[in-house]
Amino acid sequence: MSVHVEVDVTSGVPVYEQVRTQVVAHVAAGRLRPGDRLPTIRALATDLGVAPGTVARAFRELELAGVVVTRRRSGTVVADDAAPAHVTARDAAAAYVRAARAAGLTPDETVDLVRGALLT
């Protein structure tokens, strides 16, 4: 996997969920494309400093959602039909993040604004 995944073990969000959401975000942003291989469970767990079962749970959730598939010889790869988000929406999201950073918002504040907008 050529994208960066990191976890905050002090967060209230379970580590497997942090891994899952970051992989989904990378696919939606087009940084991970169909056929891209994810690292092995053991390798990613070692990199993140978490138990292999934690990463395995994230991968299971991703597979159930159709984001990745696990193949015997090629490992876990991004599913062929895991398309990135619509180009216009992806560009708008990138522009929003730039504006939020320029305004000095934290990542949590930035996401909270999106959640608030989705409620309207």
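Where do arginine 115 and aspartate 112 lie, and how many residues apart are they? Both are in helix H5 (residues 107–118), 3 residues apart, or about one turn of the helix. Some notes on this and other spots follow.

1. A word on the basis. This is a predicted model, in which local features need pLDDT of at least 70 and side-chain atom pairs count only at pLDDT 80 or more, while totals for chains, interfaces and linings use all residues. Residues are numbered from 1 along each chain as its sequence is written, and side-chain values use heavy atoms, with hydrogens and water left out.

2. Helices here are DSSP runs of H or I with at least four residues, strands are runs of E with at least two, and both are numbered from the N terminus. Arginine 115 and aspartate 112 join their side chains in a salt bridge, 3.8 Å from N to O. The term requires a side-chain nitrogen of Lys or Arg within 4 Å of a carboxyl oxygen of Asp or Glu. Arginine 115 counts as exposed at 52% relative accessibility, and aspartate 112 is partly exposed at 47%. The cut-offs are under 20% relative accessible area for buried, over 50% for exposed and partly exposed in between (1.4 Å probe, protein chains only).

3. The pair in helix H3. A salt bridge links arginine 57 to glutamate 61, with 3.7 Å between the closest N and O atoms. These residues are separated by about one helical turn because they sit 4 residues apart in helix H3 (residues 52–64). Arginine 57 is partly exposed, with a relative accessible area of 35%, and glutamate 61 is also partly exposed, at 29%.

4. Arginine 71 and aspartate 80. Here the closest N and O atoms of the salt bridge are 4.0 Å apart. Arginine 71 is partly exposed at 37%, whereas aspartate 80 is exposed at 60%. By the rule above, the count comes to 4 salt bridges.

5. Threonine 110 has its place in helix H5 and is buried, with a relative accessible area of 10%. Leaving aside residues up to four places away in sequence, threonine 110 touches Tyr96, Ala100 and Leu105; contact means heavy atoms within 4.5 Å.

6. The annotated span. An unreviewed UniProt entry lists residues 13–81 as "domain: HTH gntR-type". UniProt positions follow the numbering used here, feature names are shortened, and annotations may be inferred rather than shown by experiment. In the model, this span is 51% helix and 12% strand, and its end C-alpha atoms lie 28 Å apart.
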